[in-house]
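Have the viewer at hand as you read.

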Amino acid sequence: MASSPASKRARTTTSSFSPSPPYELFYWPTIPGRGEPIRLCFEATSTPYTDVTNTTKDGMKTLRSLISQTPSSTANPPHFAPPVLKHGDLTISQLPNILLYLGPRLGLVPPESEDPTAIHHINQLALTALDGFSNEAHDTHHPISVGAYYEDQKEAAKARSKDYLANRVPKFLTYFENALNSECSKGGEYLYGGQLSYADLVLFQGLDGVSFAFPKAVEKVRAGGKYEKVWSLYERVKGMEEIKEYLGSDRRMPYEKGIWRYYEELDE
């Protein structure tokens, strides 16, 4: 019998980090957005999870109830917006907070016994990647108001994109190139400790999203050869067996709306 789209998207591979109880991710359906670094953490470690709004009939209804802007009836605080992660009795939101929770549980930070400060260094790197290639990337197409249409702020978006590509992208790329050339990298292949961390996955997703939004500009940057270690890390993560399989599956949501959007007039 043929598999349904939902069953094809469900991650069932066993892992040394298999959770009990299971992980449930709630995010807006059909787009990568701020839910994508979380998916990448699960996929890179072959950790089973449910992408609830993309795989269940009532997923969107449940998500709306989680962000209903009403007082919480449990020990969990109310949630302002997705992504939301449910793990047993714990329900948490805010992407950096979720990454901070998942990192040690999925083996995406060194054990505290080996490196007590690693999680803080890795979180610093991840937050910087989110600033540069997620938050600021979003603001290129909505520089005035997130509630207004792109068409109503197109001229401001052109100006914001021009500055982003000329000044902000090089600044963030330089930062990460410096990080990869630093002692903390332990060899220049990964951002911290010589092994994959969730900061690498966040950076990969940010670079991938910006490459979609500004293909001509990114091609020019890459051709310049100035940030070779950053783009080598990008290709290294992209080439991981688990990530390669995920990117080719229907579990990977396509770019269209959300944070990373392509407008030809902004990619100049």
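Helices (H or I, at least four residues) and strands (E, at least two) are DSSP runs, numbered from the N terminus. The model is a predicted one, in which local features need pLDDT of at least 70 and side-chain atom pairs count only at pLDDT 80 or more, while totals for chains, interfaces and linings use all residues. Residues are numbered from 1 along each chain as its sequence is written, and side-chain values use heavy atoms, with hydrogens and water left out.

## Pockets and cavities

Let us begin with the empty space. Rolling a probe the size of a water molecule over the atoms shows where such space is left. The search runs on a 1 Å grid over the protein atoms alone: a cavity is a set of points where a 1.4 Å probe fits but cannot get out, a pocket is an open set with protein on both sides within 12 Å along at least five of seven lines, and lining residues have an atom within 4 Å of a point. Grid points are joined across faces, edges and corners, and a volume is the space filled by probe spheres set on the points. For the classes in the table, Ala, Val, Leu, Ile, Met, Phe, Trp, Tyr, Cys and Pro count as nonpolar, Asp, Glu, Lys and Arg as charged, and the others, Gly among them, as polar.

| Space | Volume | Lining residues by class |
|---|---|---|
| Largest pocket | about 640 Å³ | 17 nonpolar, six polar, five charged |
| Second largest pocket | about 220 Å³ | 10 nonpolar, no polar, three charged |
| Largest cavity | about 60 Å³ | eight nonpolar, one polar, no charged |
| Second largest cavity | about 50 Å³ | six nonpolar, four polar, one charged |

The largest pocket has a volume of about 640 Å³. It is lined by 28 residues, and Y27, W28, R34, H138 and I259 are the closest to its centre. Helices α5 (95-105) and α6 (118-141) each bring at least two residues to this lining, and α6 gives the most, with six.

In the second largest pocket, 13 residues form the lining, with L165, A166, A217, K220 and V221 nearest the centre. Here α7 (154-180) and α9 are the elements that give two or more residues, and α7 contributes the most, six.

Two cavities of 30 Å³ or more are present. The largest cavity is lined by F133, V169, L173, L207, V210, S211, V218, V221 and W231. Two or more of its lining residues come from each of α7, α8 and α9, with the largest share, three residues, from α8. Around the second largest cavity sit G33, R34, P37, L95, A129, L130, S134, V202, Q205, G206 and W260; α6 and α8 are the elements that each supply two or more of them.

## Buried parts

What surrounds these spaces? Buried means under 20% relative accessible area, exposed over 50%, and partly exposed in between (1.4 Å probe, protein chains only). A nonpolar core is a set of buried Ala, Val, Leu, Ile, Met, Phe, Trp, Tyr and Cys residues joined through side-chain atoms within 4.5 Å. The largest such core has 67 residues, and L102, F133, L191 and Y198 touch the most other members. Contact means heavy atoms within 4.5 Å. Beyond its neighbours within four places in sequence, F133 is in contact with Y164, F172, L173, F176, L203, G206, L207, V210 and W260.

Q205 belongs to helix α8 (residues 198-213) and is buried at a relative accessible area of 1%. Leaving aside neighbours within four places in sequence, Q205 is in contact with E36, P37, L40, R252, Y255 and W260.

Helix α2 is largely enclosed by the rest of the structure, because nine of its nine residues are buried. Just after α2, S46 takes a positive phi of about 55°.

## Salt bridges

A salt bridge is a side-chain nitrogen of Lys or Arg within 4 Å of a carboxyl oxygen of Asp or Glu. The count comes to 12.

E36 pairs with R39, with the closest N and O atoms 2.7 Å apart. The two are three residues apart in helix α2 (residues 36-44), about one helical turn. E36 is buried at 0% relative accessibility, and R39 is buried at 0% too.

K186 and E183 meet in a salt bridge at 2.8 Å, N to O. K186 is exposed at 53% relative accessibility, and E183 is exposed at 60%.

E235 and R222 are joined at 3.1 Å, N to O. E235 lies in helix α10 (residues 228-238) and R222 in helix α9 (residues 215-224), so this pair ties together parts that are 13 residues apart in sequence. E235 is partly exposed at 37%, as is R222 at 33%. Elsewhere, salt bridges that share partners join E36, R39, D51, D208 and R252 into one network.
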